[in-house]
Amino acid sequence: MLVLARSFLERKGLGEARLDAELLVAHALGIDRLQLFLRLDQPLQGAEVDRARDLLVRRGRREPTAYVVGRREFYGRDFRVGPGVLVPRPETELLVDAVREWAKGRDGVPRICDVGTGSGCVAVTLALELEGAEVAAIDVSEKALDWARRNAEELGATVRLVQGEGLERLDELTRQHGPFDVVVSNPPYVEPQERDDLAPEVREHEPALALYAPPGDPDHWVRSLIEGAADTITSGGLLAVELGHRQSERALAIASAHGDARLVDDLEGIPRVLEMRR
């Protein structure tokens, strides 16, 4: 079955056909990839073949594998994902790394806000990695907050979920409770005219609201977060924002006028995260 699954996905032009085949067949059987290899010589039952075939057809139509299996690993934990939220990506883990590094050697309980939380992968991870941290997570999408709530509950994280437009709600929370020590965000940064450059999995399935910056202003979110940092982040606090691959130099120039700023590269050497310390 595994050979046939891989061959089918290769014919569909999928670059990670082998990995996808393993994940999908394992999911159809209700086991993990390691268990799958231990069962290679065992024949499949008819119902198992049917389940695997259905999953492979969905993937062949370019539905993201994470949506098909309903999960994606992030920072060593499984997060539930599906329509309505971005699929967590390895480069977004750099946001968690930035906050953990900032927190080293600091006393007290940090107050953190994740603007545009989506599945909650960053907010939930920070709540679990930084013991006692007070974490708020904002998203305009009720569907996204449903996923974030489910992930927080299943992983045992305490996160305050707040619905509303990110910048407005960040300002409101700051007025009510004072500035945060850390603000993190993976905001929309794809320019609408670049839509056709995206993979079909992203373009046709992931939520446009979380992907596309306002037309003609790809720096809207990062600029607004930087300019608002004086009011929303404590002195010595951290702003960490994920960037698009053409955005870094502009973002760095804006941030350098407001605090200590630097860029952090992802594994492909692309400047991916802006860190600014007030």
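R111 lies over the face of F180, 4.4 Å from the ring centre. That is one detail of a predicted model. R111 belongs to strand β3 (111–115).

What is the order of the strands in the open sheet? There are seven strands, and the order runs β5-β4-β3-β6-β7-β9-β8. The pairing is mixed. In general, strands of a sheet pair through backbone hydrogen bonds, either parallel or antiparallel.

Which strands stand at the edges? They are β5 (160–163) and β8 (260–265). Each has a single partner strand, so one side of each is left without a neighbour in the sheet. Neighbouring strands are turned by 15 degrees against each other on average, with direction ignored.

Now look at two of the pairings. V115 has I138 in β4 as its bridge partner.

Is β3 mostly covered or mostly open? It is mostly covered, as five of its five residues are buried. R111, C113 and V115 point one way from the strand. I112 and D114 point the other way. All of them are buried.

### Helices on the sheet

Helix α6 (residues 93–103) lies across β3, β6, β7, β8 and β9 (271–277). It runs at about 160 degrees to β7. Helix α12 (residues 220–227) packs on the sheet too, and touches β3, β6, β7 and β9. Its direction makes about 175 degrees with that of β7.

Which residues of α6 are buried? They are L94, L95, V96, A98, V99, W102 and A103. Just after this helix, G105 takes a positive phi of about 75 degrees.

Helix α9 (residues 166–177) holds E168. At a relative accessible area of 54%, E168 is exposed. E168 and I138 are 30 residues apart in sequence. In space, their C-alpha atoms are 10.0 Å apart.

### The nonpolar cores

In soluble globular proteins, nonpolar side chains tend to be buried together. The largest nonpolar core here has 30 residues. Which of them touch the most other members? V99, I112, V122, L126 and V159 do. Two or more residues come from each of α6, α7 (121–129), β4 (134–139), β6 and β7. Helix α6 gives the most, with seven residues.

Take V159 as an example. Leaving aside neighbours within four places in sequence, V159 is in contact with A123, V124, A127, V135 and A137.

There is also a second, separate core of 24 residues. Its members include I138, V241, I254 and M276.

### An aromatic cluster

A pair of aromatic rings is described by the distance of the centres and the angle of the planes. The model has two aromatic pairs. Here they are:

| Pair | Centre to centre | Angle between planes | Kind |
|---|---|---|---|
| F74 and Y75 | 6.4 Å | 40 degrees | tilted |
| F74 and F79 | 6.0 Å | 85 degrees | edge-to-face |

Why is the pair of F74 and F79 edge-to-face? Planes over 60 degrees apart count as edge-to-face. The planes of F74 and F79 are at 85 degrees, so the pair is edge-to-face.

F74, Y75 and F79 form one aromatic cluster. Y75 has 16%. Buried means under 20%, so Y75 is buried as well.

### Positive phi in the loops

Where is Y75 found? It is in the loop between β1 (71–74) and β2 (77–80).

R62 has a positive phi as well, of about 75 degrees, although it is not a glycine. R62 is found in the loop between α4 (46–60) and α5 (65–69). It is partly exposed, with a relative accessible area of 23%.

Terms used
Residues numbered from 1 in each chain as written. Predicted model: local features only at pLDDT ≥ 70, side-chain atom pairs only at ≥ 80, totals over all residues. Heavy atoms only, no water. Phe/Tyr/Trp six-rings, centres within 6.5 Å; stacked < 30°, edge-to-face > 60°. Buried < 20%, exposed > 50% of the residue type's maximum accessible area, 1.4 Å probe, protein only. Lys NZ or Arg CZ within 6 Å of the ring centre and 35° of its normal. Pairing = 2+ DSSP bridges. Helix = DSSP H or I, 4+ residues; strand = E, 2+ residues; numbered from the N terminus. Axes fitted to C-alpha atoms, helices over the stretch in contact; angles between N-to-C directions. Contact = heavy atoms within 4.5 Å. Core = buried A, V, L, I, M, F, W, Y, C linked by side-chain atoms within 4.5 Å.
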